[in-house]
Amino acid sequence: MEEENIMHGAEPRDLVHPGSAGTQLYRSLYKFSYFPEAIVDAHTHEVISYATIFNVSCRLAASLEKYGLGKEDDVVGVCSENNLNFFSPVLAALYLGVPVATSNDMYTDGEISGHLNISKPCIMFCSKKALPLILKVQKNLHFMKKVVVIDSMYDMNGVECINTFMNHYTDHTFDPLKFQPKEFDPLKKTALIMSSSGTTGLPKGVVLSHRSLTIRFVHSRDPIYGTRTIPETSILSLVPFHHAFGMFTTLSYFVVGLRIVMLKKFEGELFLKTIQHYKIPTIVVAPPVMVFLAKSPLVDKYDLSSLREVATGGAPIGKDVAHAVAKRLGLSGILQGYGLTETCCAVVITPHDNLRTGSAGKVVPYVKAKILDKATGKALGPNERGEICFKSEMLMKGYHNNPEATRETIDEDGWLHSGDIGYYEEDGTIYIVDRLKELIKYKGYQVAPAELENLLLQHPDIADAGVTGVPDGFAGQLPAACIVLEPGKTLTEKEVVDFLAERVTPTKYLRGGVIFVDRIPKGPTGKLMRQELRAIFAAKKAQT
Ligand SMILES: Nc1ncnc2c1ncn2[C@@H]1O[C@H](COS(=O)(=O)NC(=O)c2csc(-c3nc4ccc(O)cc4s3)n2)[C@@H](O)[C@H]1O
């Protein structure tokens, strides 16, 4: 019998492509191959066309096949900042049905080694900027047999560029129309392995199928849940391609045929100048940029009258900030999406016909949701708070080689437990109100407390550590640590902060500070009591 209080996603306006995401992308890139601009680098104004992406990705796929890629456990790695050439290896692997694992180019060697030991890519495509990092760790990662540079016309430090690599296996007479993507069961075939720490513990590999992507592509083409842009209009994306938010939105822009204006990182004046220069109608940004749009005096210096849509997500956005941005930019409201890496992309999106600024929106097509009462296991009715759970073929298949973590997140009925608290109104509009899980989101980036605690415990003078996120109006949360020192040892707050900063990417720095305590609050089973950690920082803030 169908469970009551289930929210069924909106009626789909499109069928899901029955085949692989690679085939759908191949057909879309070919269909739009007469568009001269697929991605524009807003820093250099360099451009890559749809035809070039189509030709290079097909030729690279054919070359990889001759190289011998496609064995059982093969994985393609991509480590790069937002880059015009970022998607050529991603698309090539999707055509072949070989999983892609993306890495943050800002990782330290310790972080990227831990990350790559999960997905174990046999070949790594990296940018010039990420090459030193990759070469530094390659000697310890025996599985990574080959490195290729994606954005150089020439070989570098003994590493082949893409053209040199392809010339071993194909030549300039290569005809992309003679190459055909592989077909396979899209539900079973892994498309991407993305990094997420999930509801608890260390970062894990989120396994997403080709069906996850093809369902996302339906949402991006939906007139109510997609961006209301028609082919060739521009979308300014400020989200990292290596993260699920940037990966799956950008792949879906290829399916819609948009001109993607890309920024590698947020710089206020350049961001505003780019909107003015390219007459951008749609922007997709993380919440800190929304705070900038709401408050910065710089906004008044530029002509932003081209803007028709402002979309955000990846972390909570205050209702006041959303209304302030809409008012300042003369918009009827702000588009919001809510998703997890584990759900591939947004599973709740504000519908164009009912924006309800401040809400996360409604459940998208081909997805079901419920608000779970964790005490009774029952699905709650409207206006009752509980854990938001989802069910869909869009969701991850599980965590890579981690059945235990998978079981803890996806229950025996196939419901994925988000670790977020929310409620819905009678019309199905969902509000996210809190986070049950320990995950910290700094400017939309994941920070896993367990990862920082493990690193802090490597300091000889630190006996115990507990990490939590303290609220921040701009970044959302700031990582902060409670520290217990070994007897007789002394460390300053700066020494603790600097010790960690040498070992992690800047988004994980202890910007929320350090408090020295006699003991870390733990339950009877030794489990860290994170609410208590938050209370310690809240009490300290109340004293200042
Ligand atoms: N809108 C939101 N409001 C409040 N919290 C939000 C949120 N989105 C993510 N979160 C938080 O990040 C956690 C997940 O973090 S994560 O794993 O890094 N993944 C993500 O944050 C994630 C994966 S896909 C995605 C989005 N896709 C979109 C597509 C279109 C659009 O307009 C907006 C968005 S956001 N976000 C969630 O569990 C939740 O705690």
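**Pockets, cavities and the ligand site**

By class, the residues lining the second largest pocket comprise 14 nonpolar, ten polar and eight charged ones. The model discussed here is a predicted one.

User: How much space lies in the second largest pocket, and which residues are the closest to its centre?

Analyst: The space in the second largest pocket comes to about 880 Å³. Its lining is made up of 32 residues, and those closest to the centre of this pocket are Lys264, Lys265, Phe266, Tyr445 and Thr507.

User: What is the radius of gyration of the protein, and what would a compact globule have?

Analyst: The C-alpha atoms of the protein fill a box of roughly 70 × 60 × 55 Å, taken along the principal axes. For 544 residues, a compact globule would have a radius of gyration near 24 Å, and the protein agrees with this, since its own value is 23 Å.

User: Which element gives the largest share of the shell around the ligand?

Analyst: The shell around the ligand divides into eleven nonpolar, ten polar and four charged residues. Two or more residues come from each of helix H8 (244-256), strand E14 (309-313), strand E15 (335-339) and strand E23 (430-435). The largest share, four residues, comes from E15.

User: Which residues are the closest to the centre of the largest cavity?

Analyst: The protein has three cavities of 30 Å³ or more, and the largest cavity has a volume of about 280 Å³. The lining of this largest cavity holds seven nonpolar, 13 polar and two charged residues. Of its 22 lining residues, the closest to the centre are Asn104, Tyr107, Ser195, His243 and Gln446.

User: Which element gives the most to the lining of the second largest cavity?

Analyst: About 40 Å³ of space lies in the second largest cavity, which is lined by His115, Ile118, Ser119, Ile193, Ser195, Lys204 and Gly205. Helix H4 (109-119), E9 and strand E10 (204-209) each give two or more residues to this lining. The element that gives the most, with three residues, is H4.

Key:
Residues are numbered from 1 along each chain as its sequence is written. This is a predicted model: local features need pLDDT of at least 70, side-chain atom pairs count only at pLDDT 80 or more; totals for chains, interfaces and linings use all residues. Side-chain values use heavy atoms; hydrogens and water are left out. Ala, Val, Leu, Ile, Met, Phe, Trp, Tyr, Cys and Pro count as nonpolar, Asp, Glu, Lys and Arg as charged, and the others, Gly among them, as polar. On a 1 Å grid over the protein atoms alone, a cavity is a set of points where a 1.4 Å probe fits but cannot get out, and a pocket is an open set with protein on both sides within 12 Å along at least five of seven lines; lining residues have an atom within 4 Å of a point. Grid points are joined across faces, edges and corners, and a volume is the space filled by probe spheres set on the points. The radius of gyration is taken over C-alpha atoms; the globule rule is 2.2 Å times the number of residues to the power 0.38.
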